[in-house]
Amino acid sequence: MPAADGRGGGSGRLYGVGLGPGDPELVTVKAARLIGAADVVAFHAARHGRSVARALAEPYLRPGQVEELLVYPVTTEGTDHPGGYQGAIDEFYEAAAARLAAHLDAGRDVVVLAEGDPFFYGSYMHMHKRLAHRYPTEVVPGVTSVSGAAAAVGRPLVERDEVLTLLPGTLPADRLAAELARTDSAAVLKLGRTFPQVRAAFEAAGVLDRALYVERATSDRQRTLPLAEVDPGSVPYFSLALLPSPLTGPAPAPVPPGSAGAPAGEVVVVGLGPGARAWTTPEAADALAAADDLVGYGPYLDRVAVNPRQRRHPSDNRVEAERAAHALQLARSGRRVAVVSSGDPGVFAMAAAVLEVAERPEFAGVPVRVVPGLTAAQAVAARAGAPLGHDFAVLSLSDVRKPWDVVVDRLRHAAAADLVIALYNPRSRARPHQLAEARQVLLETRAPGTVVVVGRDVGGPEERVTVTTLGELDPGTVDMRCLVLVGSSQTRVGPSGAVWTPRTLEGPRPSHPSQARGGARDGATDGGP
């Protein structure tokens, strides 16, 4: 909502961003985008300096952002401020607003983080009242603790024409009791030290028997139980008392996985893309978020943000069949399983392994689906320009799953056909000689000046893209974190340094290895193992 008077044209923009009640997956897409784009991220904390809001936002923060920690001078303890508690807190809000205004005046966009919803008992509203009339401002709503608590206990808050009343636990007990007695449903917030009087109010209103207690709703520390059974000494501030709709019965008991009526398990093979979080598709992110279990090669699992409700099953990179069987066994028991691959799961990755193992009789009926991802070849090509602009081949130089002579034979055919070639698994410690041999094979039919692109850790923190030629390529500079693109005779480097292959083929090209310049083995075939 821009400022009504139109002021702040040259200033930064203020955002109040709700993060939901505690589950990182309840952060909205818009909130995540704004957090990542902001110049300044501000958040409140008590004197210990720990901020729930910042912890929820951490996956979306980026290096180089300014963080403004706004530490309350007082929470529940006493103060010697001349104006008492209210004087101390008002002075704090004025100073905090001034700090943020300095950034806004300098043209920096400021995101103020808020647990739950910014306008629902949130500290952000104090910044809003002091700044929104001076600067362009937008408020991004979040899931409230009340909604999270209702979901946690599995009980509707209101139905049909019922009335829901929201109450702060700081009200006098007699007023709380009166409000509870005349409403259909209610949520009482701000518990902590107020809990004894809140419980007494529920009892006085005659509704204690159907009241529920929810602590830290939707987080990994969530706790729910009947309000009457709560130990007053164990109640934190982030808790609430819930009086759900009287029209519904008790919450349904959870259904054990694999039993009748339980949700069916499945295996989803998910491609993360080659490195950067931004290269993970929304469909892949949804599949990861919905999973109960994550299965994959350890370093790939490390790229997925930790969610405490999910089980993670890392394994070595050389046990694909065992990993696939484990995922299918979990799904057979009713679990939703995401098998994680880098890049695209169908390109030299886990999709084929899972589908092969899924044909075993014991896994009949276990659904398997594949969610595609951006490939390493696409990522390296995009960084270089458009070297895959015409026909191309994709080959792995690994001989773990096929003989080396098959690799060489296929490489000769692709080279003689004048295809751009993407080489995966180009060189490892166990086979340091094979890229050099592959280079020699390519030089049988390709000119030494053929353009070559080497992309290392593209999308990752150590990204490096090198443009060279086939004659000058040094295999010793290449490792398993690299992908090598070998151009065709048409691939060129433009004046800007961009590498591209024209979409229109210039002149006839050899149609068979035996017709290619330099020749090939007599009787070479395109067979596989």
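Arg 309 comes out as partly exposed, because its relative accessibility is 39% (buried means under 20% relative accessible area, exposed over 50%, partly exposed in between, with a 1.4 Å probe and protein chains only). This is a predicted model, so to speak of local features takes pLDDT of at least 70 and side-chain atom pairs count only at pLDDT 80 or more, while totals for chains, interfaces and linings use all residues. Residues are numbered from 1 along each chain as its sequence is written, and side-chain values use heavy atoms, with hydrogens and water left out.

Arg 309 has a salt-bridge partner in Glu 25, with the closest N and O atoms 2.9 Å apart; a salt bridge here is a side-chain nitrogen of Lys or Arg within 4 Å of a carboxyl oxygen of Asp or Glu. Arg 309 sits in the loop between helix H9 (298-301) and strand E13 (311-315), and Glu 25 in the loop between strand E1 (14-18) and helix H1 (29-37), so the contact ties together parts that are 284 residues apart in sequence. Helices (H or I, at least four residues) and strands (E, at least two) are DSSP runs, numbered from the N terminus. Glu 25 is partly exposed too, at a relative accessible area of 31%.

The structure holds 22 salt bridges. Another one joins the side chains of Glu 67 and Arg 54, at 2.8 Å from N to O. Here strand E3 (residues 66-71) supplies Glu 67 and helix H2 (residues 52-57) supplies Arg 54, so the pair ties together parts that are 13 residues apart in sequence. Glu 67 is partly exposed at 37% relative accessible area, and Arg 54 is partly exposed at 23%.

Asp 293 and Arg 335 form a salt bridge as well, their closest N and O atoms being 2.6 Å apart. This pair links distant parts of the chain, 42 residues apart: Asp 293 is in strand E12 (residues 293-297), and Arg 335 is in the loop between helix H10 (320-332) and strand E14 (336-341). Both Asp 293 and Arg 335 are buried. Elsewhere, salt bridges with shared partners join Arg 456, Asp 457, Glu 462, Asp 479 and Arg 481 into one network.

On to the sheet. Five strands make an open sheet in the order E17-E18-E21-E19-E20, with mixed pairing; two strands pair if DSSP finds at least two bridges between them. Strand E17 (392-396) and strand E20 (464-469) are at the edges with a single partner strand each, so one side of each has no neighbour in the sheet. From one strand to the next, the twist averages 20°. Strands E19 (residues 451-456) and E21 (residues 482-486) pair in the antiparallel sense over five bridges, and Val 453 has Leu 485 in E21 as its bridge partner. Helix H12 (residues 376-384) packs on the sheet and touches strand E18 (420-424), E19, E20 and E21, its direction making about 65° with that of E21. Contact means heavy atoms within 4.5 Å; axes are lines fitted to C-alpha atoms, for helices over the stretch in contact, and angles run from 0 to 180 degrees between N-to-C directions.

Then there are the aromatics, with eight pairs in the structure. Rings of Phe, Tyr and Trp (its six-membered ring) pair if their centres lie within 6.5 Å, and planes under 30 degrees apart count as stacked, over 60 as edge-to-face and the rest as tilted. Phe 195 and Tyr 213 are edge-to-face, because their ring centres are 6.2 Å apart and their planes at 80°. Phe 195 belongs to helix H7 and Tyr 213 to strand E8 (residues 212-215), so the pair ties together parts 18 residues apart in sequence. Phe 195 and Tyr 213 are buried. The rings of Phe 348 and Tyr 424 have centres 5.2 Å apart and planes at 55°, so this pair is tilted. Phe 348 lies in the loop between E14 and H11 and Tyr 424 in strand E18, so parts 76 residues apart in sequence are tied together. Tyr 424 is buried at 12% relative accessible area, whereas Phe 348 is partly exposed at 44%. Phe 348 also has a positive phi, near 50°, in a residue other than glycine. Tyr 72, Phe 92 and Tyr 93 form one aromatic cluster.
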